[in-house]
Amino acid sequence: MKLAVVGATGLVGTEILEVLAEHNFPYDELLLVASERSVGKQIEYKGKKHTVIGLAEAVAAKPEIAIFSAGGSTSLEWAPKFAEVDTFVIDNSSAWRMDPSKKLVVPEINAKEITATDKIIANPNCSTIQMVLALEPLRQRYGIKRIVVSTYQSVTGTGKAAVDQMMAEREGRTPEMVYPHKIDMNVLPHIDVFQPNGYTKEEMKMINETKKIFSDDTIQVTSTTVRIPTMGGHSEAVNVEFKEDFDLTEVRSLLESAPGVIVQDDPANFIYPMPITAHKKDEVFVGRLRRDESQANTLNMWIVADNLRKGAATNAVQIAEYLLENKLV
């Protein structure tokens, strides 16, 4: 079985390789693929040196699975070429997410929708993944009317250049500017480009992707996404109005038994989810569970996950694992 990692030299690509190793993902041949400027570079992985190859060479090798983390334009151009040679493409970019002919998959929620003909499978936005995973057991029990989410997102979500900007500012050096403003000691209510309706593209991703993953256009979603000077993971304050009333004890029980979710909710002992403790973890962490006393049937939650892990690499690897376990490859 040939496995390709496209964008292997980037932040998410590096994380994909770590997750593959940790999960002992089975393959016979690993193809590390990147842009032309990285072709020929040597990467040591699991005690073996791999030479980075280009996209055309990777297509010619006809891998069974290709995990993409190389940006939307690359995915739009190359994912169909891989699909034509019968490769399953698992794509981390936003290129295919809202395409009605493509599945948008969080394995714990809707992997069962994948069929043998779904050659291009979209990985959702990192912020969407952690939110819907935490909400899914509650949605199944109570139904959801409305979600109000505010995010506190790590600079790692922008990429290595953003991390470099923050660290340069922190050290008093002049940075290469990725953001329109300083990020260290600052907060930017601006992720991705602004849309005509005043929302950013990131905010609209959360709104639209949530409805698609849940297969429910009746759920009302509004979002404010914010970049903060931290690493390790994204945090979210989520206010969710259910169709039915809930019991907080039952809510905790449902979350504690949900796959991929860990409850950290003991404020008396200062235990709640934080990016610094979610870093390098595959799970989604949930805490600060409390009833919204201003409105009926409404819950406040705090949700944290490593955006490079469950928000990207881990979710993609789990999709690949599903393909193998269900003999789709």
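**Note on a predicted model: loops, cores and helix contacts**

1. Lys280 sits in the loop that joins α9 (275-278) to β13 (284-291). The model is a predicted one. In it, the phi of Lys280 is positive, near 70°, although the residue is not a glycine.

2. Lys46 is another non-glycine residue with a positive phi, here near 55°. Its place is the loop between β3 (42-45) and β4 (48-51). Is Lys46 buried or exposed? The relative accessible area of Lys46 is 53%, so the residue is exposed, the cut-off being over 50%.

3. Helix α6 covers residues 160-170. Its buried residues include Ala162, Val163 and Met166, and also Gln165, Ala168 and Glu169. After α6 comes Gly172, with a positive phi near 80°.

4. Glu77 belongs to helix α3 (residues 72-84). Its relative accessibility is 46%, which means that Glu77 is classed as partly exposed. Glu77 and Ala95 are 18 residues apart along the chain, and their C-alpha atoms are separated by 10.0 Å.

5. In soluble globular proteins, nonpolar side chains tend to be buried together. The largest nonpolar core here has 54 residues, and the members that touch the most others are Phe82, Leu135, Ile147, Val240, Val286, Leu299 and Met301. Which helix gives the most to this core? Helix α5 (residues 126-142) does, with 8 residues.

6. Leaving aside residues up to four places away in sequence, Met301 touches Ala134, Leu135 and Leu138, among others. Its contacts also include Glu236, Ala237, Val238 and Val240, as well as Leu255. Val286, Gly287, Arg288 and Leu289 are likewise touched by Met301.

7. Helices α5 and α8 (residues 248-256) have axes that come within 9 Å and cross at roughly 125°. The two helices are therefore oblique to each other, and the crossing is right-handed. From α5, the contact takes in Ala134, Pro137, Leu138, Arg141 and Tyr142; from α8, it takes in Glu250, Val251, Leu254 and Leu255. Sorted by class, these are 7 nonpolar and 2 charged residues, with no polar ones.

8. What is the angle at which the axes of α1 (residues 11-22) and α10 (residues 309-325) cross? They cross at roughly 50° and come within 9 Å. That angle makes α1 oblique to α10. This crossing is right-handed.

9. On the α1 side, the contact with α10 is made by Val12, Glu15, Ile16, Glu18, Val19, Leu20 and Glu22. On the α10 side, the residues are Arg309, Ala312, Ala313, Thr314 and Val317. By class, this contact has 7 nonpolar, 1 polar and 4 charged residues.

Note on methods
Residues numbered from 1 in each chain as written. Heavy atoms only, no water. Axes fitted to C-alpha atoms, helices over the stretch in contact; angles between N-to-C directions. Helix = DSSP H or I, 4+ residues; strand = E, 2+ residues; numbered from the N terminus. Parallel < 35°, antiparallel > 145°, perpendicular 65-115°, else oblique. Left-handed = near helix turned anticlockwise from the far one by under 90°. Contact = heavy atoms within 4.5 Å. Nonpolar A, V, L, I, M, F, W, Y, C, P; charged D, E, K, R; others polar. Core = buried A, V, L, I, M, F, W, Y, C linked by side-chain atoms within 4.5 Å. Buried < 20%, exposed > 50% of the residue type's maximum accessible area, 1.4 Å probe, protein only.
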